[in-house]
Each structure stands twice: as structure tokens, then as C-alpha cells.
Amino acid sequence: MQRPPLTVDRNSPVPLYFQLAEQLEAAIVAGTLAPGSRLENEIELADRCGLSRPTVRQAIQHLVDKGLLVRKRGVGTQVVQAQVKRPIELTSLYDDLAAAQRSPRTKVLELATVPAGDEVAKDLGVSLGTPVVRLRRLRLTDSEPLALLTNHLPLDIVELTAERLERHGLYEILRAAGVNLRIANQTIGARAATTAEAMLLDERRGVPLLTMTRTAFDDKGRAIEYATHVYRASRYSFTLTLVER
């Protein structure tokens, strides 16, 4: 357990809880409180800083709301892993995590052939009911769940196995098969987590999740994948550069 130096100024107009929260946040950003480390409990922090437990609780909740701390039953309050910031480019999450040395790991939840529904058929450019591959995976980084990935692909694109998908990213497998992705239509949004999603992502039901829907095309203009992904908003964000026209 790490104990960064903490002081509060009772003569300052800044609320005491906010002073404490700012110092804890600074320690997290500086790495003094490392990802995964456990914070002192409320009683210990209150005694050390000469504050009331409600004040300390408010400071901790402030950092929980910012996604810097997480409360785990039976464990206590921990510093969360650094948030994954992903540029909006035609890359895979696996490639981005590997490039950032974030130790990506994959658990295959489903690999099956299913009839294409309305949305899948439309986006892949196939007839309704055409057999397609449906792939569902749980993506983890630094041993923590980060995203639920659902992809649909035409049957004749590439041969997939659960073993390959747990060792390699989907786009890596596609590149090895000679599939060259060139362009994609992508929509980013947000919604509340379902019970099943919350369980898999180690979140509470109803917590906000980031969503991404993507249809990717190869250099011949053929639709290669229709993807619907959800990400933990506390651990993940998209970044983009805007240019004035």
C-alpha cells in the first residue's frame, strides 16, 4: 500500500475534500500511486489528514467519478489502469494496444455461422439470411476487461479459429490472408450497459459504455466486416484531430 504525502490548508477557500482529491489525483498522474495499487481506507486517510470521514469519502468519490479510482468489494479502493486513448484511424484495437505495450489479451465468446439479419446484410452487401461468420470476443488489457467486440464477416474472407483469434488480432489475421482494408464508415456513441455486458466488463449494470459501429471495406471496395463494439468509458476514449476548412 502506497502512502503519498498529503496536507490540507484549512485557511484556503478551496474545499477540503477537493484539496485532498487534487493531491491524490496528482499522485496518480505522477505514478506515485501506481495502477492497481490499493489506497488507504477512509479511516486511515481521515486520521492522517485530520479530516472527517465524510470529507474523505467525498474526495474518494470525486476520483471514482473521474475514473481514477475504483471501489472493489473485499479489496478496497484501487487506482485504475491508465485510460486507453485510441486515435480514430482504420486500425484494430489489438494493434493499438500492442503498439502501446498494453498487453492485449482476447477471450473468444462465440465463433459461429449465422444467417445475416437486416443490419448485417445491408452493411455487408449480402442478401438477407445469407450465412456469415459471427465473432464475439472479450478484449482485455493489463489483465482487465476493456471491450466487448462483435464482428460479422462474409464466409469466404478468411478461415478463423478460436485459437488463432486468442493469439492474434482480427486485422492481423486479415492482413496475413492478403486482405487489405482501405476505408471504413464508423459511428461512435454511448449507451447504458446491459446486465450481461456489465458482468463481462466488471462494471455495474446501467453504467455508461462507449459504442462503436464500423463497416470496413478492402481495396477492391468489398465490405469485409460489420463491427459493433462496446467499451468501458472509465477506461477508454477516442481521440481525433480536427482541421478547419
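Which side-chain oxygen reaches the backbone nitrogen of Ile-43 at the start of helix 2? It belongs to Asn-41, and it comes to within 3.1 Å of that nitrogen. This is a predicted model, in which local features need pLDDT of at least 70 and side-chain atom pairs count only at pLDDT 80 or more, whereas totals for chains, interfaces and linings use all residues. Residues are numbered from 1 along each chain as its sequence is written, and side-chain values use heavy atoms, with hydrogens and water left out.

**Helix 2**
- Helices (H or I, at least four residues) and strands (E, at least two) are DSSP runs, numbered from the N terminus.
- In helix 2, which spans residues 42-49, the buried residues are Glu-42, Leu-45, Ala-46 and Cys-49, where buried means under 20% relative accessible area with a 1.4 Å probe and protein chains only.
- Seen down the helix 2 axis, these buried residues fall within an arc of 100°, so they line one face of the helix; the arc is that of the directions from the helix axis to the C-beta atoms.
- Their cover includes helix 1 (16-30), helix 3 (53-65) and strand 1 (69-72).
- Just after helix 2, Gly-50 adopts a positive phi of about 70°.

**Nonpolar cores**
- A nonpolar core is a set of buried Ala, Val, Leu, Ile, Met, Phe, Trp, Tyr and Cys residues joined through side-chain atoms within 4.5 Å.
- The largest has 19 residues, of which Leu-20, Leu-24, Leu-33, Leu-39, Val-56 and Leu-69 touch the most other members.
- Helix 1 gives the most to this core, with five residues.

Definitions and conventions
Buried < 20%, exposed > 50% of the residue type's maximum accessible area, 1.4 Å probe, protein only. Contact = heavy atoms within 4.5 Å. Polar contact = N/O pair within 3.5 Å; in protein donor to acceptor, adjacent residues only side chain to side chain.
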